[in-house]
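I opened my notebook and went through this chain step by step. Here is what I looked up.

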Amino acid sequence: MKRLIRVLAMLCVMALGFCALAEQSATVTSVEAASDNTEADERGVESLKLIADAMVEKNSVNVDTVSGATGTSNAVIAAATQAWLQIQAEAASGEDWMEAAPAGDTLYQVALLQSLVQGYYDGIVTVEELKQHGDTGIGTFEDVNGEMIVLDGTVYQAVADGSIAVPSEDETVPFSNVTFFDVDETLALSGVADMAALQEAMNGVVNELGANCFYMVKIEGTFDSIKVRSEYKQEKPYRALDVALAEDQTEFDYEDVRGTVVGLYCPDYMGGLNTPGWHFHFINEDRTRGGHVLQISVKEAEAAFDMTDGFEMAPLKNPVVDLKKH
Ligand SMILES: [Zn+2]
């Protein structure tokens, strides 16, 4: 994410071209006065140069009429001021900031987390369809048949015994978040003691980049210890997720293990869409073990952050179901 963007404003003033080149950081970096009109008064060009130099030196368009300038100077100063105000207004509105966001940075979500929590476990999209919306993410499968990890375009299924399967393209998905991952920021992690410390470190980057977007993250490295869970496949009539997990959750502990944690950050104010804060799933380097992360201690790893400022949801397939009865 390029947070500093160059804004070019060009104005024509009295047959003379006038360019103000500035950055969002509100610094006058250069002001150019140019003429492509051979008829232009040489004294007029000289005036513009004097004004331009004064603007850069003062880091402001608020320069008084410059000594030695001609009558064109007031018009030029007025035009430069107008251009500068426009640049500042655009920067303040965030318009250019949004335009500078990487293309295709959209988080794709299947269902509201609340539908899963309340016990709606029917698949909504196929694995094949899901992969058209991202190469990285997390989720679960029909009947809550294990934890999903999507990494480098492959969908993995950490089933109840903690092992990894690669589901068929026809397998269906009741809940997931995926995106096409690109790295906006990285963070080196070393000796991070537990989940709380990891979340605190990750929050530092999110708060720096902007805490009101979803982020997909990948944390690749070595973990001193990691505790994950999966669960047994559910049968109808479905029970609410907390009831199902209370009986059917399975847990696994790994030590000194290499692998990748795929995680989602959901902003507080989007709590109606998903669970605010962090949600991590793990898969080991051999792609043989994995699950939903309950506890973690990082030895050495690098976290990569993908800010996803777009949001798209799969069409809801459960409008006729009374979730409260599940
Ligand atoms: Zn999970």
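In which sense do β14 and strand β15 (residues 277-284) pair, and over how many bridges? I found that they pair in the antiparallel sense, over eight bridges. Two strands pair if DSSP finds at least two bridges between them.

Before going on, I noted that this is a predicted model: local features need pLDDT of at least 70, side-chain atom pairs count only at pLDDT 80 or more, and totals for chains, interfaces and linings use all residues. Residues are numbered from 1 along each chain as its sequence is written.

**Entry: the whole chain**

I counted seven helices and 17 strands in the chain. Both are DSSP runs, numbered from the N terminus: helices are H or I with at least four residues, strands are E with at least two. Of the 326 residues, 35% count as buried. Buried means that 20 or more other C-beta atoms lie within 10 Å of the residue's own; exposed means 12 or fewer, and partly exposed is in between, with C-beta atoms placed from the backbone. I also checked contacts (C-beta atoms, placed from the backbone, within 7 Å). Among those with a separation of 6 or more, 72% join residues 24 or more positions apart.

**Entry: strand β14**

I turned to β14, which spans residues 249-266. It runs antiparallel to β13, and 16 bridges join the two. On its β15 side, Gly263 has Phe280 as its bridge partner.

Phe252 lies in β14, and Val228 stands opposite Phe252. Is Phe252 buried or partly exposed? Phe252 counts as partly exposed because it has 18 C-beta neighbours inside 10 Å. Leaving out residues up to four places away in sequence, Phe252 touches Gly162, Val228, Arg289 and Gly291.

With 14 C-beta neighbours inside 10 Å, Glu251 counts as partly exposed. Beyond four places in sequence, Glu251 touches Lys227, Arg229 and Leu294.

**Entry: the largest nonpolar core**

A nonpolar core is a set of buried Ala, Val, Leu, Ile, Met, Phe, Trp, Tyr and Cys residues joined through C-beta atoms within 7 Å. The largest one here has 55 residues, and Ile149, Val150, Val173, Tyr215 and Val217 touch the most other members. Strand β13 (residues 214-231) gives the most to this core, with eight residues. I looked up Val150 as well: not counting residues up to four places away in sequence, its contacts include Gly134, Ile138, Val178 and Val262.

Methods: Contact = placed C-beta atoms within 7 Å.
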